[in-house]
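Here is a walk through one protein chain, written to be read with the model open beside it. Take your time and click along as each residue comes up.

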Amino acid sequence: MDDTKLLVFLLCFIAQFCLSISASDQVNSFQSVPDLEKSMYMAIDGYPCVRLLNLSGEIGCSNPGRANIVAPVARFKTANKLAEPSALMVSIEQFEELFGRLSNDAEFSRHVVGVLVESGSQLQNGLKGFSPDKKFPQAEFAPYQSGHFEWNPIGSGLMWKAYNFPVFLLSNSSTSALQEIALRNEKRKKSYTVDVADFNLVMQTTKSGTRDSESCLREQTCLPLGGYSVWSALPPMAISSSEKAKPVILVVASMDAASFFRDKSIGADSPISGLISLLAVVDALSRVDGLKDLDKQLVFAVFTGEAWGYLGSRRFLLELDQHSDAVSGLDLALIETVLEIGSVGKGFARDDKTFFAHSTSETATNGTLSAIQDAVGSLKTQSTKISRASKSNPGLPPSSLMSFLKKNPKTSGVVLEDFDTAFTNKFYHSHLDDLLNINSSAIVAAASVVARSLYILASDKKEIKTSALNTININASLVEELLGCLLSCEPGLSCELVNRYIAPSTSCPSHYVGVVLGEPSSQPYPGNVGDVPRFVWNFLADKTAIPSKNLSSTCPKGCSGNGEMCVKAETDGKGVCVISTTRYIPAYSTRLKYESDTWEVLPHNSSDIMGEADPVWTESNWETIKLRVYTVQDTRFDTWILLLGIAVTVLSYIITVMAKAFITKALKRD
């Protein structure tokens with residue numbers, strides 16, 4: 001009778017267990033596989049560090065092999081010793097400390113298979129500084145021998161090293177979610193589950209074993225860094241005119257920034273404050289009458305790729321040497337002086353509100369410096385000052401003007417900066433150099449000085465009335481609008497100003513140079529040109545233009561007149577025909593050649609002085625990079641499940657034998 005009770009009890013238990021599973025399945029039923037995946041995996045928003053290569057090796061981040069990396073999430077501050085491979089969460093304050101330890105502690109480094117970097121609002125306020133670039137950025141291109149000078153004293157150089165593990169900068173929302181997950185893992189030390197991060201950061205160079213630019217270009221597993229620079233003349237040049245060409249005053253700014261994280265290269269102070277200042281200058285001068293009667297020609301150039309070996313300025317000079325279509329109408333011999341607008345967004349960080357003029361040589365730039373001082377004197381406000389940079393400096397700070405000086409040591413040029421002997425920007429080439437790091441008033445002040453200086457220089461020392469200079473005023477509202485468009489996600493490139501000219505591919509602006517798509521051309525396919533260069537081209541073409549004589553002409557096919565081009569074509573598919581001298585210039589290494597749909601690294605040319613130092617940067621090809629988090633069972637739990645399964649099997653066998661014996665015995669009784 002006891003055997004009967006035991007059998008009934010076991011059967012009831014199994015039935016109840018099955019019913020509970022069935023009920024649970026009904027509650028957690030899913031309509032589709034994506035529903036199931038969504039419940040299992042949490043997608044994490046972030047910005048990856050990617051693999052870049054040069055002629056001597058590689059930098060940046062990637063999974064060590066072709067497979068995803070899966071590891072538990074842990075916080076760095078609690079992970080003094082790691083018992084198992086882990087994905088470490090680290091605050092930006094501890095970023096350098098972590099990477100320093102990874103370099104010096106082999107045992108600790110062996111257990112770190114991924115890094116998750118926390119984001120946060122207004123981090124700048126609590127940091128002394130963070131710059132992953134070198135203390136002298138791109139010292140190898142300097143036209144002087146002083147590579148140990150520290151223009152960027154806060155620099156750590158971390159972005160120029162290679163890491164065989166993925167590194168992600170988390171978004172603000174993902175930071176909060178991952179912090180909770182890491183805390184949950186800490187409390188689950190005795191639990192059978194753990195939350196893990198799944199990194200899908202695979203570079204194609206990892207697959208083929210191509211560890212430098214030359215081999216990966218040959219195997220077509222990478223593309224060269226680069227894009228398109230833009231130049232424009234104000235007023236437009238009469239290229240076919242028989243009149244003698246005027247001397248050129250070239251105004252320069254950069255539009256690309258760098259960062260440890262590819263798509264979080266904002267560069268608010270360095271260099272976008274200079275770009276916005278240049279655009280505001282063009283806008284102000286475009287409203288001034290009589291520019292065509294001035295003695296000198298104003299030309300504005302916005303270079304890209306400057307953060308990666310001065311790709312834009314060096315290619316510009318090579319195109320001038322070759323008299324290519326991209327620089328038709330320009331002659332290097334006619335460039336009389338170069339005025340570069342550098343980092344000006346922190347010019348009001350000090351009480352004295354001073355900008356600094358770094359010049360190529362005292363004698364060559366006396367006229368430019370004098371014009372700048374006259375421009376300052378014409379301003380109604382007395383708070384803005386321009387000082388000559390300290391004579392203790394070894395030469396120019398990192399700038400596009402270095403390319404011109406390398407080309408011709410006698411170049412007359414001035415770089416306007418918000419610093420003297422060292423960067424005031426404590427977040428140079430980092431994701432923290434954002435809108436909070438600059439002052440719009442400083443950009444307006446710098447633009448005011450530059451605009452009036454250019455008018456004075458172009459007038460060639462003629463007596464200029466103060467009333468004439470007072471008509472040159474910077475539109476502060478335009479500057480504010482440009483800040484919102486180029487340095488913020490809201491409104492970002494979806495702003496009204498940008499949408500007046502182009503149809504952007506994304507809202508959040510990133511000023512990373514990107515890679516060269518297709519064959520480089522002076523008339524590229526718009527899809528191969530980034531959002532910011534396309535906007536700059538349309539903006540400059542519009543502001544420097546004079547109306548087309550044939551108002552009935554249709555755009556773009558109808559813009560066939562001398563000097564005519566089509567602007568704003570992206571917005572409505574029609575556009576407007578105008579007369580303007582605005583051109584795209586391909587920006588990529590002078591040591592690269594595109595032929596038969598492939599890239600080839602050229603031998604060093606002795607006439608290309610900077611080519612010897614050119615690292616020829618490339619970016620590894622990659623698919624969409626993803627990061628997700630999910631919960632997994634501990635292996636110890638799996639062992640217990642296996643043992644329990646064996647026990648259940650043995651118990652089932654015993655019960656079966658007992659049941660069989662019981663039934664046989666009962667039948668014999670009958």
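## The chain as a whole

The protein chain holds 18 helices and 26 strands. Please keep in mind that this is a predicted model. Of its 670 residues, 51% count as buried. The accessible surface comes to about 31,500 Å², and carbon and sulfur atoms account for 52% of that area.

In soluble globular proteins, nonpolar side chains tend to be buried together. Here, the largest nonpolar core has 83 residues. Leu278, Leu285, Phe300, Leu454, Leu486 and Phe535 are the members with the most contacts inside it. Helix α12, residues 440-458, supplies the largest share of this core, with 14 residues. There is also a second, separate core of 61 residues, and Ala71, Ala79, Leu127 and Ala197 are among its members.

Beyond its neighbours within four places in sequence, phenylalanine 300 is in contact with Val230, Trp231, Ser232, Leu234, Val251, Leu278, Val281, Val282, Leu285 and Leu454.

Threonine 368 sits in helix α10, which covers residues 366-378. Is threonine 368 buried or exposed? Its relative accessibility is 4%, so threonine 368 counts as buried. Setting aside neighbours within four places in sequence, threonine 368 is in contact with Thr337, Ser412, Val414 and Leu457.

Leucine 432 belongs to a loop, the one between β18 (413-417) and α12. Leucine 432 is buried too, with a relative accessible area of 5%.

## Disulfides

The structure holds six disulfides. Counting the bonded cysteines along the chain, the pattern reads 1-2, 3-4, 5-7, 6-8, 9-11, 10-12.

In the link between cysteine 485 and cysteine 495, the sulfur atoms are 1.9 Å apart. The torsion about this S-S bond is about 115 degrees, so the disulfide is right-handed. Cysteine 485 lies in helix α14 (residues 476-487) and cysteine 495 in the loop between α14 and α15 (496-499), so the pair ties together parts that are ten residues apart in sequence. Both cysteine 485 and cysteine 495 are buried. Cysteine 489 is joined to cysteine 508, with an S to S distance of 1.9 Å. Here the torsion is about 125 degrees, so this disulfide is right-handed as well. Cysteine 489 is in the loop between α14 and α15, and cysteine 508 is 19 residues away, in the loop between α15 and α16 (531-543).

Cysteine 559 is in the loop between β19 (546-547) and β20 (564-567), while cysteine 577 is in strand β21 (residues 576-579), 18 residues apart. Cysteine 559 is buried, with a relative accessible area of 13%, and cysteine 577 is buried at 8%.

## A nonpolar patch on the surface

To finish, turn to the outside of the model. Leu642, Leu643, Ile646, Val650, Tyr653, Ile654, Val657 and Met658 form a nonpolar patch on the surface. Together these residues have about 760 Å² of accessible area.

Tyrosine 653 is one of the patch members, and its place is in helix α18, residues 635-669. Why does tyrosine 653 count as exposed? Exposed means over 50% relative accessible area, and tyrosine 653 has 59%.

Conventions: Residues are numbered from 1 along each chain as its sequence is written. This is a predicted model: local features need pLDDT of at least 70, side-chain atom pairs count only at pLDDT 80 or more; totals for chains, interfaces and linings use all residues. Side-chain values use heavy atoms; hydrogens and water are left out. Patches are made of residues with over 30% relative accessible area and no salt bridge: like charges are joined within 9 Å, nonpolar side chains (Val, Leu, Ile, Met, Phe, Trp, Tyr) within 5 Å. Accessible areas come from the Shrake-Rupley method with a 1.4 Å probe; for residues, only the protein chains shown count as cover. A salt bridge is a side-chain nitrogen of Lys or Arg within 4 Å of a carboxyl oxygen of Asp or Glu. Helices (H or I, at least four residues) and strands (E, at least two) are DSSP runs, numbered from the N terminus. Buried means under 20% relative accessible area, exposed over 50%, partly exposed in between (1.4 Å probe, protein chains only). A nonpolar core is a set of buried Ala, Val, Leu, Ile, Met, Phe, Trp, Tyr and Cys residues joined through side-chain atoms within 4.5 Å. Contact means heavy atoms within 4.5 Å. A disulfide is a pair of cysteine sulfur atoms within 2.5 Å.
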